Amino acid sequence: MDKSAKIYVAGHRGMVGSAIVRRLKSAGYSNILTRTHADLDLTQQPKVTEFLTTERPDYVFLAAAKVGGIHANNVHRAEFLYQNLMIEANVIHAAWQAGVARMLFLGSSCIYPRDCPQPIKEEYLLTGALEQTNEPYAIAKIAGVKLCESYNRQFGTQYMSVMPTNLYGIDDNYDLNNSHVLPALIRKAHEAKLRGDRSYEVWGSGRPMREFLYVDDMADACVFLMEQEGIEPSLFNVGTGEDITIRELAETVMDIVEFKGAIVFDSSKPDGTPRKLLNVDRLRNLGWSARTTLRDGLRATYADFLKRAARDFI
């Protein structure tokens, strides 16, 4: 990518989108195009079409999405399916109409079958049933992957898709009803420490295994892929290639937060997929690997949480 190229980052206020903007700026890209939701509702096709045909960016990072944890996905199923379908369909189609040759679409590792072999390879997509708790979101993201593939095949575009593992980091969502597991654990452990509690609650059994990627590493992978010339537009898993149990994660969060209590598991809450570890050989073979260890990423994330806590959470 030319440093002066016009680059549209959809979803720039979200955790991933803001990290992509930080990464682009640090690399010297000077013409970054953004719009807030108030300025541009991506679920509204005419507005998206008008925006992209007027601005005509050279590259698009499609990081905008309605996201949330198990509870939010399971309760707001229609909203997760509808809004994500509309966002990706509108942006991808309007980008093609505007002559955008290269785009990167951010999906989710939940697109893969619930019980597929581990670690999960890209070719396992659509080989089995999805996890029921987040099936609508997964179906929307699968549609986005297939839209990119179809536009490439029919129109010769270069629209690639990246499937990140569980992300965390700066600008994460700490709402206990809508957040993912890691930010929820950080907030629970922090508040339990402030109250002087003897324990804190963790949803599920603690046995499921999960992989976690620091969001700035994710942004680095996205920019890395867009900068590559001559690669086949494809589907790329993005992760660390390592996973831990939710129990181990909860214990690590306790250590970082310096909460000295015990863990109480609420087995009435769903575990979700038993294990979700990505095979990252396809991206690693291009020369990219994650750099941030889980403990280092958690320290940076907790520091960000503390900056925002008094204003946003407590």
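This is a predicted model: local features need pLDDT of at least 70, side-chain atom pairs count only at pLDDT 80 or more; totals for chains, interfaces and linings use all residues.
Trainee: Why is Asp171 called partly exposed?

Mentor: The class of partly exposed runs between under 20% for buried and over 50% for exposed. Asp171 has a relative accessibility of 33% and therefore counts as partly exposed.

Trainee: Which residue in the loop between H2 and E3 has a positive phi although it is not a glycine, and is it buried, partly exposed or exposed?

Mentor: That residue is Arg56, which lies in the loop between H2 and E3 and has a positive phi of about 45°. Its relative accessibility is 46%, which is not over the 50% that exposed requires, so Arg56 counts as partly exposed.

Trainee: What is the backbone feature at Gln118 and Pro119, and where is Pro119 placed?

Mentor: A cis peptide bond joins Gln118 and Pro119, with omega at about -10°, and Pro119 has its place in the loop between E4 and H5.

Trainee: What makes Val181 partly exposed, and which residues does Val181 contact beyond its neighbours in sequence?

Mentor: Val181, which lies in helix H6, has a relative accessible area of 28%; because this falls between the 20% and 50% limits, Val181 is partly exposed. Leaving aside neighbours within four places in sequence, Val181 is in contact with Phe212, Ile246 and Leu249. Val181 and Asn166 are 15 residues apart in sequence, and their C-alpha atoms are 9.0 Å apart in space.

Trainee: Which residues form the contact of H6 with H8, and how do they divide by class?

Mentor: On the H6 side the residues are Val181, Leu182, Leu185, Ile186, Ala189, His190 and Lys193, and in H8 they meet Ile246, Leu249, Ala250, Val253 and Val257. By class, this contact of H6 with H8 has 10 nonpolar, 1 polar and 1 charged residues.

Trainee: How do you know which orientation class H4 and H5 belong to?

Mentor: The axes of H4 and H5 come within 8 Å and cross at roughly 15°. Since angles under 35 degrees count as roughly parallel, H4 and H5 are therefore roughly parallel to each other. Their crossing is right-handed. The residues of H4 that meet H5 include Phe80, Leu81, Leu85, Ile92 and Trp96, and those of H5 include Tyr137, Ile139, Leu147, Tyr151 and Phe155. The residues of the contact of H4 with H5 divide into 15 nonpolar, 3 polar and 4 charged.

Trainee: Is Met1 buried or exposed, and which residues does Met1 touch?

Mentor: Met1 lies in the segment before E1, and its relative accessibility of 15% is under the 20% limit, so Met1 counts as buried. Not counting residues up to four places away in sequence, Met1 touches residues including Leu24, Tyr59, Phe61, Val223 and Met226. Met1 and Met226 are 225 residues apart in sequence, yet 7.2 Å apart in space, C-alpha to C-alpha.

Trainee: Which members of the largest nonpolar core touch the most other members?

Mentor: Of its 41 residues, these are Tyr8, Leu42, Leu52, Leu62 and Tyr112. Elements that each supply at least two residues of this core include strand E1 (7–10), helix H4 (77–97) and helix H5 (135–155). Apart from this core lies another, of 34 residues, among them Val9, Leu106, Leu213 and Leu225.

Definitions and conventions:
Residues are numbered from 1 along each chain as its sequence is written. Side-chain values use heavy atoms; hydrogens and water are left out. A nonpolar core is a set of buried Ala, Val, Leu, Ile, Met, Phe, Trp, Tyr and Cys residues joined through side-chain atoms within 4.5 Å. Buried means under 20% relative accessible area, exposed over 50%, partly exposed in between (1.4 Å probe, protein chains only). Helices (H or I, at least four residues) and strands (E, at least two) are DSSP runs, numbered from the N terminus. Axes are lines fitted to C-alpha atoms, for helices over the stretch in contact, and angles run from 0 to 180 degrees between N-to-C directions. Angles under 35 degrees count as roughly parallel, over 145 as roughly antiparallel, 65 to 115 as roughly perpendicular and the rest as oblique. A crossing is left-handed if the near helix is turned anticlockwise from the far one by less than a right angle, and right-handed if clockwise. Contact means heavy atoms within 4.5 Å. Ala, Val, Leu, Ile, Met, Phe, Trp, Tyr, Cys and Pro count as nonpolar, Asp, Glu, Lys and Arg as charged, and the others, Gly among them, as polar.
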